[in-house]
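Here is my note on the charged side chains. Please keep the structure open while reading.

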Amino acid sequence: MDEFSDIKLSRRELLIAGAISVTAASVPAAADAAASPAGAPPETTKVAFQVNGKRHTLDIDTRTTLLDVLRENLHLTGTKKGCDHGQCGACTVIVDGRRINSCLTLAVMHEGAKVTTIEGLGNKDKLHPMQAAFIRHDGYQCGYCTPGQICSAVSVLDEIRQGIPSHVSTDLMARPQATPDEIRERMSGNICRCGAYSNILDAITDVAGSKA
């Protein structure tokens, strides 16, 4: 310990030494950045898929999410950007028969896919049964999450009809039923910050009963 006893650093000297060490560590990264071409254009590629029955071929940045392509390139703004982290379900769309969070997937991953958004389920002149049920049971308040809720609800009933079990299915060998517990579990990824959950459940149960 004696050999270190004469070393005395003021607080100012300690901060300076720390700053120098951090700067030294960042030099290789800075050198790599300097070697990269300035203002290099983003990497783009062509992707073709079918959205709401219409084929689209787009030249897009490979980093673009499906959500942003739908909203910004195709102007289908019914699909909402909520958390942008796959936690709220507002961006739910149906891709090749399966519901997904479109904010968590890149558009280039869906070459040749069939995408259905809320606009593709129905319109004001011919509503999808689930859309009509949400209106009938007042399954929305602000409406921001509603497109994702409806797309998810349509897929939930498809999953039940296909016999796909959930975490609350008591018998994995038996065909699941559209019970309140099953619907709540399957819809748990879609958040309604207004709290219209009971009405949403009523709407889905209504449609499930009409198709039973």
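This is a predicted model: local features need pLDDT of at least 70, side-chain atom pairs count only at pLDDT 80 or more; totals for chains, interfaces and linings use all residues.

1. Residues are numbered from 1 along each chain as its sequence is written, and side-chain values use heavy atoms, with hydrogens and water left out.

2. How many salt bridges does a search of the whole structure find? The search finds 10. A salt bridge here is a side-chain nitrogen of Lys or Arg within 4 Å of a carboxyl oxygen of Asp or Glu.

3. Look at helix H5, residues 146-161. (Helices are DSSP runs of H or I, at least four residues, numbered from the N terminus.) Arg161 and Asp158 both lie there, 3 residues apart, about one turn of the helix. Their side chains form a salt bridge, 2.5 Å from N to O. Arg161 is partly exposed at 37% relative accessible area. Asp158 is partly exposed too, at 27%. (Buried means under 20% relative accessible area, exposed over 50%, partly exposed in between, with a 1.4 Å probe and protein chains only.)

4. Now turn to helix H6, residues 180-186. It holds Arg184 and Asp181, 3 residues apart, about one turn of the helix. They meet in a salt bridge at 3.4 Å, N to O. Arg184 is partly exposed, at 48%. Asp181 is exposed, at 51%.

5. Lys124 pairs with Asp125 in a salt bridge. Their closest N and O atoms are 3.7 Å apart. Are these two residues buried or exposed? Both Lys124 and Asp125 are exposed.

6. Finally, a network. Salt bridges link Arg99, Glu159, Glu182 and Arg186.

Technical notes. Helices (H or I, at least four residues) and strands (E, at least two) are DSSP runs, numbered from the N terminus.
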